[in-house]
Amino acid sequence: DDSNILLIHVFVLISIKVMQDVAQKFKERLEHIASNLPSHLPGVEKTSQRVVLKEEVATENVKKPRKTRRAKDLSSEDGFEFPKLAYLTVEEFDQIPKYIKGRTSYDQVNNAIDEIHKVITAKYKILRLPRSAMGEPVMKKYKAFKEAEIPDIEGEYFFIDDDLKTYSQMKMDSTGRAILTMLRHCGRLREVRGKKLLRYVLKL
């Protein structure tokens, strides 16, 4: 009758479900055994080598992303990078004569390089501005920068004492003067005189 047919149908469904569960567990067991075979068994080492080789080839075929410079590594907002002097190494600092560096520390010298970079960035950002974008105060600074230029250093980056006073926290006291002398001694700066001005030219 209908009740017997229904019972048989339910029994068949339960049997199928049980068989599926058993088959799944058996499959998982086989996969576990295959992945944990001892390497000394015949054929195992060669198979693993082929897998590694395929992974290496796939890795080589993936295009590496291009390196991009982060915004904080740039020297200006428009992405133009202004030059910066290389920091002194400990060896360079140790080789500076004692009468030049006095009590100036290694960190003070490299901090001064950061301050000089601020000066160069501020100055040459103004020099790169179109005149139409300059107000009167900026135009005065622009003209002062241009008046300090001389043919001997055309195309080079430089600053003068007034630039340091205006655009950095570096004081032009005995320590500040000593630091500039040390940077010149280590080949980071050179001095150029003319028009009654002393210019510190970056040696890049």
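**Exercise 1.** Determine whether Lys118 and Glu115 form a salt bridge in this predicted model, and state where the two residues lie.

*Solution.* Step 1: the closest N and O atoms of Lys118 and Glu115 are 3.1 Å apart. Step 2: the criterion requires a side-chain nitrogen of Lys or Arg within 4 Å of a carboxyl oxygen of Asp or Glu, so Lys118 and Glu115 form a salt bridge. Step 3: both residues belong to helix α5 (residues 106–127), where a spacing of 3 residues separates them by about one helical turn.

**Exercise 2.** Classify Lys118 and Glu115 as buried, partly exposed or exposed.

*Solution.* Step 1: buried means under 20% relative accessible area and exposed over 50%. Step 2: Glu115, at 12%, is therefore buried. Step 3: Lys118, at 42%, is partly exposed.

**Exercise 3.** Which parts of the chain does the salt bridge between Arg188 and Glu92 tie together?

*Solution.* Step 1: the closest N and O atoms of this pair are 2.7 Å apart. Step 2: Arg188 lies in the loop between α8 (174–185) and β2 (189–194), and Glu92 in helix α3 (residues 90–94), so the contact ties together parts that are 96 residues apart in sequence. Step 3: Arg188 is buried at 10% relative accessible area, while Glu92 is partly exposed at 23%.

**Exercise 4.** Describe the pair Glu149 and Lys146, then give the count of salt bridges.

*Solution.* Step 1: the side chains of Glu149 and Lys146 meet in a salt bridge with an N to O distance of 3.3 Å. Step 2: Glu149 is partly exposed at 27%, and Lys146 is partly exposed at 37%. Step 3: the count comes to 9 salt bridges.

Terms used: Residues numbered from 1 in each chain as written. Predicted model: local features only at pLDDT ≥ 70, side-chain atom pairs only at ≥ 80, totals over all residues. Heavy atoms only, no water. Helix = DSSP H or I, 4+ residues; strand = E, 2+ residues; numbered from the N terminus. Buried < 20%, exposed > 50% of the residue type's maximum accessible area, 1.4 Å probe, protein only.
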